[in-house]
Amino acid sequence: MSQSRYIMIGGFLGAGKTTSILQFARHLSAQGFRVGLITNDQGAGLVDTAVVRSEEFPAEEISGGCFCCRFNSLVDAARQLTTNERPDVFLAEPVGSCTDLVATVSLPLQNIYGDSFRVAAMSVVVDPIRALRIFSADEGGRKFSDNVCYIYRKQLEEAEMIVINKTDLVEAKQLERLNELLSSQFPGTKIFNVSARSGVGLEPWFNAVYESQIASDKFMDIDYERYGKGESLLGWLNGSISFSGCKELDGNQLLADLATHLGRSVDQAGAEIAHLKMTINPVGNLYEIAALSLVRGGEEAEFSHRLSEPLEDGEILLNIRAESAPELLRETAMSAFDDVLGRKLGLDYSVDHLEHFRPGQPVPTYRITQEQQVHLP
Ligand SMILES: Nc1nc2c(ncn2[C@@H]2O[C@H](COP(=O)(O)OP(=O)(O)OP(=O)(O)O)[C@@H](O)[C@H]2O)c(=O)[nH]1
Ligand SMILES: [Mg+2]
């Protein structure tokens, strides 16, 4: 079997991983490469999978646990894509609250399945506003608890490439400051400045990743107890709702109204949003889609995709990740559906799926330590 490239793009919740992966997939496809995308979440009903499939890229979803804890499912997903699409390049997006992915995913994949995969260096995408809030005390804005910030720092520590994304959102001076901060905290790590949305700066990063191979001599110490505590401070909600029997409904407006309601309620409850994202599409049509995101409290949600036609029926996917009790997210979601879909729009909707939980303690299938790596033949 020929070797496919396996490229994993990590980074905290809402940093721009999916946006970057889609750009990478378009970039590779334009050069004639076949790509396969792998999405991942602790729960089912993923906005990311809906978004990447809407662009007609072959995608496999690993739900019910992160890559490191479901390593064998990751390999199965890659094989599944290989059977149908034979990708030259796999682009994989780990869950945004995961770290230690080099030791638990990249190196095991390289060591066990090195004949099938050439594993690229790990890139970690960064939202500059979030990073400035986490790395400097004077930027204002609500921050996450220490153990959540621990995960954030560990993600950057294991990166071989740090990608400061959304450079369109910050002034040159702030960007310079963040570059200085990150290069002093993570000396030797290559830093790229990009805007995944506009495409600025992406090509040098994509070329560097494509040519790279995971370093097999870079190991990170990590305290799994702190990592687990950080994960357990987060609340997760995945839901899907459907409705029918309406006339000329503006699906974009519906999504914006729901996001405003949800964002305000989570904010008022004093919880910090990491990423609230939603999609809407006509029932059974996965290619016509609107998608929006809210990546911190106190801001307006932003669309990445819009519907061009009004709806007669629809399916909505909602994913919220926040530092919050999951029960609060559930109550917030139910009351937003009630107020916006029921009272405001008079829709007869049904909640087809709703799960809320805290991510569990990570228990990786494999973890390659320096000691083990040294003794490999
Ligand atoms: N302004 C701006 N927004 C961006 C850029 N890249 C991504 N975004 C937006 O940031 C939000 C989050 O992007 P995603 O790509 O979904 O982030 P993610 O890291 O995959 O998020 P999770 O999968 O939830 O962890 C979306 O609204 C994107 O449109 C950028 O370069 N500039
Ligand atoms: Mg994503």
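Look for glutamate 248 in the loop between E9 and H10. Its phi is near 50 degrees, a positive value in a residue other than glycine. Keep in mind as you explore that this is a predicted model.

Now compare lysine 166, which sits in the loop between E7 and helix H7 (172-185). Lysine 166 is not a glycine, yet its phi is positive, at about 55 degrees. Is lysine 166 buried or exposed? With 14% relative accessibility, lysine 166 counts as buried, because buried means under 20%.

## The six-stranded sheet

Next, find the open sheet of six strands. Reading across, the order is E12-E11-E10-E13-E9-E14, and the pairing is antiparallel. Which strands are at the edges? They are strand E12 (302-305) and strand E14 (349-357), each of which pairs on one side only. From one strand to the next, the twist averages 15 degrees. As a reminder, strands of a sheet pair through backbone hydrogen bonds, either parallel or antiparallel.

E11 covers residues 290-294 and pairs with E12 in the antiparallel sense over three bridges. Across this pair, serine 293 stands opposite glutamate 302, and alanine 291 stands opposite histidine 305. With E10, E11 also pairs in the antiparallel sense, over five bridges; here methionine 278 stands opposite leucine 292 of E11. E11 is mostly covered, as four of its five residues are buried.

Helix H11 (residues 326-344) lies across strand E9 (235-243), E13 and E14. How does H11 run relative to E14? The angle between H11 and E14 is about 165 degrees.

Leaving aside neighbours within four places in sequence, the contacts of leucine 237 include Leu318, Ile320, Leu329, Ala333 and Leu354. Leucine 237 and alanine 131 are 106 residues apart along the chain, and their C-alpha atoms are separated by 24 Å.

Serine 240 also has its place in strand E9. This serine is buried, with a relative accessible area of 17%. Beyond its neighbours within four places in sequence, serine 240 is in contact with Ile316, Leu317, Ser350, Val351, Asp352 and His353.

## A pair of helices: H10 and H11

Two packed helices are described by the angle between their axes and the distance between the axes. For helix H10 (residues 251-268) and H11, the angle is about 140 degrees and the axes are 9 Å apart. H10 passes H11 in a right-handed crossing. Among the residues that make the contact are Leu254, Leu258, His261 and Leu262 of H10, together with Leu329, Ala333, Phe337 and Val340 of H11.

## Helices with a buried side

Which residues of helix H8 (residues 202-211) are buried? They are Leu202, Trp205, Phe206, Val209 and Tyr210. These residues cover an arc of only 130 degrees around the axis, which puts them on the same side of H8. The spacing has a simple background: an α-helix has 3.6 residues a turn, so residues three or four places apart point the same way. What covers the buried residues of H8 includes strand E1 (4-11), helix H1 (17-30), strand E4 (89-92), strand E6 (123-126), strand E7 (161-164) and strand E8 (190-193).

In helix H9 (residues 224-232), the buried residues are Tyr224, Tyr227, Gly228, Gly230 and Glu231. Seen down the axis of H9, they fall within an arc of 160 degrees, so they line one face of the helix. The buried residues of H9 pack against helix H4 (101-113) and helix H6 (146-157). Look also at the start of H9, where a side-chain oxygen of aspartate 223 reaches to within 2.9 Å of the backbone nitrogen of glutamate 225.

Methods:
Residues are numbered from 1 along each chain as its sequence is written. Chains are lettered from A and ligands numbered from 1 in the order in which they are written. This is a predicted model: local features need pLDDT of at least 70, side-chain atom pairs count only at pLDDT 80 or more; totals for chains, interfaces and linings use all residues. Side-chain values use heavy atoms; hydrogens and water are left out. Buried means under 20% relative accessible area, exposed over 50%, partly exposed in between (1.4 Å probe, protein chains only). Helices (H or I, at least four residues) and strands (E, at least two) are DSSP runs, numbered from the N terminus. The arc is that of the directions from the helix axis to the C-beta atoms. Contact means heavy atoms within 4.5 Å. Two strands pair if DSSP finds at least two bridges between them. Axes are lines fitted to C-alpha atoms, for helices over the stretch in contact, and angles run from 0 to 180 degrees between N-to-C directions. A polar contact is a pair of N or O atoms within 3.5 Å; within protein, one must be able to donate a hydrogen and the other to accept it, and residues adjacent in sequence count only if both atoms are side-chain atoms. A crossing is left-handed if the near helix is turned anticlockwise from the far one by less than a right angle, and right-handed if clockwise.
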